[in-house]
Amino acid sequence: MLTSNRRLVVYGIAGALAIGSGAAFAQGAVAAQYRWLTFAVFAAIICVTMYVTYLAAKRVKSASDFYTAGGGVSGLQNGWAIAGDYLSAASFLGIAGLISQYGYDGFMYSVGWLVAYITVLLVIAEPCRNIGKYTLPDILAYRNNPKAMRIVGAISVVTVSTFYLTAQMVGGGVLVKTLIGIDYEISVMAVGVLMLAYVLFGGMVATTWVQIIKAVLLVIASLVLVMLVWTPYGFSLPAFLADVVGDTKVQAKVAGLLGDAAKNMTPQELGQRFLEPGLYFKAPIDQISLGMALVFGTAGLPHILMRFFTVPTAQQARKSVVWAMAIIGGFYVLTLFLGFGAAKEVGPGVIASIDAGGNMAGPLLAQHLGGGPDSFLGNFMLAFVSAVAFATIVAVVAGLVLASASAIAHDLYVGVYHGGDIVPPQQQVRAARIATVIVGAVSISIGIAAKGQNVAHLVALAFAVAASANFPCVLLTMYWRRCNTGGIVLGMVVGTVAAVGLTLVSPNLTYPKAVRAASQKVLDGEAAKRSAIEAALASGDAAAIEKATVDQKALDKAVTKAKDDMKKVEGKEVSIMGLEEPLFKLKNPGIISIPLGFLAVLLGALLFRDKRSEELWPEVYARQNTGILASKATSH
Amino acid sequence: MATAPKIDWNAVIADPRFQALHRRKQGFLTGLMIFSVVFYFLLPIGAAYFQDLFKTKVWGVVNFGILFALLQFVVAWGVAIYYSRVANRDFDRMAREIAADYEKGG
């Protein structure tokens, strides 16, 4: 068993490297002659994590080892692993990008991701540790009908994880293509194969270490960049931001965002506007709805919940959340400097010209601070940040696949199919590994199939389902005496259906008529803009010419995109749901679906009765509060 | 788990010490949770409906909005540390006393 594991790990590395080196290259942010640097840095990360996986593979003997690292992870380690699991590419590159494009609103967006952990800390982490075992359905099955709980719970775990996973796979594929220029399909496969190698052989032990290593690298990279950005200002916040306000690239971006409203503003006022709210978020209710999904959804994310079963006690669970909050919050404060720094040093226009969403802000800042696109140091720093981004995707995907696989193997196969009868440990581990391969293969396929799809809303949807279905159910089964099987089943169904259903009729989908109108507007305005740019180019003023050149590039891009969009919706009148325009006006369903989820649990619990739920309440309540027997369950 | 002692859970939750722990914890957690959620939503609400306040410059070019967003981080960490201290000091001790008694088979 051991030697075969070892051989397979070696094959895994060889396979991943072969995929990487045989890749067909397109143009990426990393220049061709420095691409080997990215691979060297990334290969170093792979080697370290694979070695850890090799060591971990020896220790994975039981289901508990595979799912929860035998409960032997310390609070500090788990804190770093939670941060590694949570700081996905979307938050690592996305928030810095948002700040570099829209200033204040980007920073405001990051706050909700941290505050979410207050909910996890106060009401979820410790009770879950005290009564749970491996998975989210374990918590629900404790006092309610086990079969019913495992079925609805596993469905919900797989649903939430699949939404999140698809977003990670597609986002990751695009990201790696933009950064290094590897083909989309190949980068999705490389991520998938690597992730499978970690999870399959090392289970939770290896997954935990991959997440820890990645989180440490991420924090180091960010700290170095922030030091370089901030040191010239003697670590003064006002001095640094004053330079951001005074930057002509930033002022030009704000002028572009405000359009006609910018006409009577001085350059200083335009720059100052970058530090004020309202450039990105136009609909406050939507913003609040998103905040609700974040603050309550994080506590219902299966891959985050699962992390609390890896620590031995409730005290360590508490400690791990506090550490995770320190690391995650500290990281978001650093992104304030990364985002504004990128806007000032690189310029919002240049960043958007490589990736419209601004995702390249961090990597480009690294390249710029190292000495620019032609310098070795600049490219080394870009290579390092790109490698960390790649590692980030692998680490997050590994956590998600492990959560899905455990729901399938532990809840559906062992719990439902075998009716919870004692299944021999080896068979349990085997089931877990088979489930991992299936989930991994499916996620690679989905990643490739969803190429070019708009998946940005899938992360928000995962949070919305977690907040509307999982969170009310987990919370109420632990804290509410009357909660029972009927309540949980109804809550899970209504919460999921409400969140998914509202999203399907929301503005997140493509509405051909709206796309056509927007594209037409761009094309109609083209001529006027062209003549303005030509006038500026002929003016002889150096600053005006520089600005006009950037504008010209942006206009070319916008026109190409508008033409592409027109082609995509040609002959179509309705969205895939058959709607001409959205029925539900908000992008985030949380503000409606979360209360609905809670109501459904209350209603279901009051309508139906379940003797088991009532009889086991004292046990659940005593256990979740005191941790009686909890620490003994895992001491081996 | 199979060898775990049989515990009379009804006796545990009827235990006055458990009742005391439960009362303290429930009040404390509810209060802290409500405070945290309300305080957080002041940020998006303020940014949307109190823009003049958020735009007021307080420290050079640094406006109230930026300081308030930074304060959110400080408050979140503060809540976490405060909760940990109370839990480490009081809740853990109370829970351990109860657990020790009943796990012995009492």
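**Reading helix pairs and an interface**

Modeller: Let's start with a contact: in H2(A), the residues Trp36, Leu37, Thr38, Val41, Phe42 and Ile45 of chain A touch Phe376, Asn379, Phe380, Ala383, Phe384, Ser386, Ala387, Phe390 and Ala391 of chain A in H18(A). Keep in mind that this is a predicted model.

Biologist: What classes of residue make up the contact of H2(A) with H18(A)?

Modeller: Sorted by class, there are 12 nonpolar and 3 polar residues, with no charged ones.

Biologist: And at what angle do the axes of H2(A) and H18(A) cross?

Modeller: Roughly 45°, with the axes coming within 8 Å. That makes H2(A) oblique to H18(A), and the crossing is right-handed.

Biologist: How do I read H9(A) and H19(A), whose axes cross at roughly 165°?

Modeller: Angles over 145 degrees count as roughly antiparallel, so H9(A) and H19(A) are roughly antiparallel to each other. Their axes come within 9 Å. The contact includes A:Tyr184, A:Val188 and A:Leu196 of H9(A), and A:Arg433, A:Val437 and A:Ile444 of H19(A). By class, that contact has 12 nonpolar, 5 polar and 2 charged residues.

Biologist: Now the two chains. How much area do chain B and chain A bury between them?

Modeller: Interface size is often given as the accessible area lost when the parts come together. Here chain B and chain A bury about 4,800 Å², with 76% of it on carbon and sulfur atoms. In residue terms, 55 of chain B contact 55 of chain A.

Biologist: How many salt bridges are found across the interface of chain B and chain A?

Modeller: The rule finds 2. A:Arg318 and B:Asp92 also meet through their side chains in a salt bridge, at 2.8 Å from N to O.

Notes
Residues are numbered from 1 along each chain as its sequence is written. Chains are lettered from A and ligands numbered from 1 in the order in which they are written. This is a predicted model: local features need pLDDT of at least 70, side-chain atom pairs count only at pLDDT 80 or more; totals for chains, interfaces and linings use all residues. Side-chain values use heavy atoms; hydrogens and water are left out. Axes are lines fitted to C-alpha atoms, for helices over the stretch in contact, and angles run from 0 to 180 degrees between N-to-C directions. Helices (H or I, at least four residues) and strands (E, at least two) are DSSP runs, numbered from the N terminus. Angles under 35 degrees count as roughly parallel, over 145 as roughly antiparallel, 65 to 115 as roughly perpendicular and the rest as oblique. Contact means heavy atoms within 4.5 Å. Ala, Val, Leu, Ile, Met, Phe, Trp, Tyr, Cys and Pro count as nonpolar, Asp, Glu, Lys and Arg as charged, and the others, Gly among them, as polar. Buried area is the accessible area (1.4 Å probe) that two parts lose on being put together, summed over both. A salt bridge is a side-chain nitrogen of Lys or Arg within 4 Å of a carboxyl oxygen of Asp or Glu. A crossing is left-handed if the near helix is turned anticlockwise from the far one by less than a right angle, and right-handed if clockwise.
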